[in-house]
Amino acid sequence: MHYLFVRVVKARHLPTAGSPVVEVAVSGRHVTSKPARKTAFFDWDQTFAFSRDSPDSSTILEVSVSDRPAGQGFLGGICFDVGEIPLRDPPDSPLAPQWYRLEGGGAHRGDLMLATWIGTQADESFPDAWKTDDVGNPNSRSKVYQSPKLWYLRSTIIEAQDISMKMPFRESCFQVKTQLGFQVQKTKPVLTATGSPSWNEDLMFVAAEPFTEHSLVIFLMENRPPKEQVVLGIATIPLASIERRVDDRSVASRWFTLEDPKEEKRVYKGRVHLRLCFDGGYHVMDEGAHVCSDYRPTARQLWKPPVGTVELGIIGCKNLLPMKTINGGKGSTDAYAVAKYGDKWIRTRAVSDSLNPRWNEQYTWRVYDPSTVLTIGVFDSWEVFESDGSHKPDFRIGKVRIRISTLTTGKVYKNVFPLILLSQTGLKKMGEIELAVRFARATPTLDFLHVYSQPLLPMMHHLKPLGMVQQEALRAVAVKTVAAHLSRSEPPLRREVVAHMLDADSHAFSMRRVRANWMRIINVISTVIDVFKWADDTRSWRNPTATVLAHALLATLVWVPDLIVPTLALYAFAVGAWNYRLRPRTPLPHFDTKMSLAESVDRDELDEEFDSMPCARPNETVRARYDKLRVLGARVQAVLGDFATQGERMQALVTWRDPRATGIFVGLCLVVAFVLYLVPSKMVAMAFGFYYLRHPIFRDRMPSPALNFFRRLPSLSDRMM
């Protein structure tokens, strides 16, 4: 994408004592520079960039100098033929500015130093230049952001001693509250009469470097009846003093003095025994596990070398819907794109008032694991309209995910992805985004394939795994920490943007997702169902040829059992080779609205999905949702009861709940054992196989005796109240 660059440096011999400005006009665009700084010359040193892709691009560039506030008016100007302006491509050196004599106006001997050339976004002057598509908004420039380095802080509360009790020799309830920034966690209450309570509990926090912003604060509290909590002492621990570890080695514990928070002087109120450490062997999850872009541990010394790089070209969007109205009802969109991979974020410049923005920006990331996801989102900016101090969140337009493992090495994928947004009003196509992506491998082929045999998560996730509930709570804290850090950048990457890119609301309840996940399970087990249907069709002799071949295969595998494993492997290879021709033909996978059930979702379910927590809907709506949830819960309850019944019947075979049934089963097991001891197993397998595949004329249409026996076994369902 080419731009016409005009760099205005300075002027001399102007007949004015004020602060003149430079006016640049080309292709219907009229731009005014900032007032000049008065030194030995009139200094501006400002660069303007005009897009050259518009069909109405003019062939004349006009540059003029005026000082209307000082009453001097037009001082002079210069005209250039755009067709004669040179084209500059990096790595060419910057074009040297020249002095040009101003013509017309009052500056008969005035000179203006400027340089003009045609270049691209790769020009070093482009980031700081005034651009026609962002109307000079300084916050619309392209930026690269870095996520803060996150650590898991493990705080083990062991015990406390020397606590002064209000009523000695009587049991008191003590509890420890630990606070790190906005994170607050408590231990379980402990009863003791000695003044030395013991807990031995692990509390996990998320901390971001640098560690100078917050301290770990320990509160020792006593629970007094009826519901009063009294803070007995406080200990403040600087994060910089806490030890770091990269494995599961033991860390020495320390005693910390508790002080009275109400006294100005330091008053000893006891001491608390803690074991504190930063666990660098974990990866601090800030994304969903299924769409994670990085699995490296926090400790840099545990990182493995990268396996390649991914290059992303954000070309532009087209056919975007208007996000807001300006100038009395005109639809407008100030779109910008954000991409996230690993700890590196990028933001393109915001293109003002355009439904077909063009960026043509390219970025590169290192890839440490191919089983990761690159996320690109498009948002509508409100920064231009916040000069009055009001704040409105940037509206999301759409999002695209690209899994690195689906990219062929060295191939450039240039695709147009639909921007689909699911909101309370339903599913809507917001436009399209054009992307170019390429994955380049940096390691030998065998080393790259060896990555697939390595653990996905770092070592500490397997040595000391975190629970699912705890992991999700820590992820929510990590999202807030990253959002707060990036929102303090300049220009800021807003909290709502970071939360949307990290899928902060993915854990929210959605009836649509429940049904979609159920359909995914049905789709997965459909292959197993097809196998059972094929077996039933074979034993029913619907295709006699296939049934005869099944008899022959059974005889071969029974008498030559060494062929079973090779036959299964060959069958799996044949299935994979057959499905190769049925592989997806789409260039890159994208959001599947049909699989997500987004096209047929009910409006009430959407309202429930996007409702806030706690619920803000009327009581009638909440009651209707509760009744629907009760119906769903009743179905789940029935399914769980059926599973429990079948399992209890299996247990009843040998637990003598039904003495006759257990006696029959035990006696039958004894007979089967003697038969299998005396008869070769191959003959038994052959007989069972041929009996199972017998012709329907030799088969009874009623259930088999074994199934009838199993259904008669007792369960504990009759004891349920």
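## Buried residues and the model as a whole

A residue is called buried when its relative accessible area is under 20%, and so Phe448, at 11% relative accessibility, counts as buried. The model described here is a predicted one, and of the 721 residues of its protein chain, 41% count as buried.

The protein chain contains twelve helices and 31 strands. Its radius of gyration is 36 Å, well over the 27 Å that the globule rule gives for 721 residues, so the chain is more spread out than a compact globule. Taken along the principal axes, the box filled by the C-alpha atoms is roughly 120 × 85 × 60 Å. The chain exposes about 40,800 Å², and carbon and sulfur atoms supply 59% of that area. Among the contacts between residues at least 6 apart in sequence, 69% join residues that are at least 24 apart.

Strand β2 (residues 21-26) is joined to β3 by four bridges, and the two strands run antiparallel. Within this pairing, Val24 stands opposite Val31 in β3.

## An enclosed strand

Is strand β28 enclosed or open to the outside? Eight of the eight residues of β28 (residues 373-380) are buried, so the strand is largely enclosed by the rest of the structure. In a regular strand the side chains alternate between the two faces of the sheet. Both faces of β28 are covered, with Val373, Thr375, Gly377 and Phe379 buried on one side and Leu374, Ile376, Val378 and Asp380 buried on the other.

Strand β28 pairs with β25 (residues 335-341) in the antiparallel sense over six bridges, and the bridge partner of Lys340 in β28 is Thr375. Strand β28 also pairs with β29 (residues 395-403), again in the antiparallel sense, over eight bridges, and here Ile376 stands opposite Val400 in β29.

## A buried residue in a loop

Leu466 is found in the loop between α2 (460-463) and α3 (468-487), and with a relative accessible area of 15% this residue is buried. Leaving aside its neighbours within four places in sequence, Leu466 is in contact with Tyr152, Met204, Tyr282, Gln471 and Leu474. Although Leu466 and Met204 are 262 residues apart in sequence, their C-alpha atoms are 9.7 Å apart in space.

## Aromatic pairs

A pair of aromatic rings is described by the distance of the centres and the angle of the planes. The count for this model comes to 15 aromatic pairs. In one of them, the rings of Phe5 and Trp117 have their centres 5.3 Å apart and their planes at 5°, so the pair is stacked. Phe5 lies in strand β1 (residues 3-12) and Trp117 in strand β9 (residues 111-119), so the pair ties together parts that are 112 residues apart in sequence. Phe5 is buried, with a relative accessible area of 0%, and Trp117 also counts as buried, at 4%.

The pair of Phe439 and Phe448 is tilted, with 5.9 Å from centre to centre and 40° between the planes. Phe439 counts as buried at 1% relative accessibility. Finally, Tyr3, Phe5, Trp117 and Phe126 form one aromatic cluster.

Methods. Residues are numbered from 1 along each chain as its sequence is written. This is a predicted model: local features need pLDDT of at least 70, side-chain atom pairs count only at pLDDT 80 or more; totals for chains, interfaces and linings use all residues. Side-chain values use heavy atoms; hydrogens and water are left out. Two strands pair if DSSP finds at least two bridges between them. The radius of gyration is taken over C-alpha atoms; the globule rule is 2.2 Å times the number of residues to the power 0.38. Buried means under 20% relative accessible area, exposed over 50%, partly exposed in between (1.4 Å probe, protein chains only). Contact means heavy atoms within 4.5 Å. Accessible areas come from the Shrake-Rupley method with a 1.4 Å probe; for residues, only the protein chains shown count as cover. Rings of Phe, Tyr and Trp (its six-membered ring) pair if their centres lie within 6.5 Å; planes under 30 degrees apart count as stacked, over 60 as edge-to-face and the rest as tilted.
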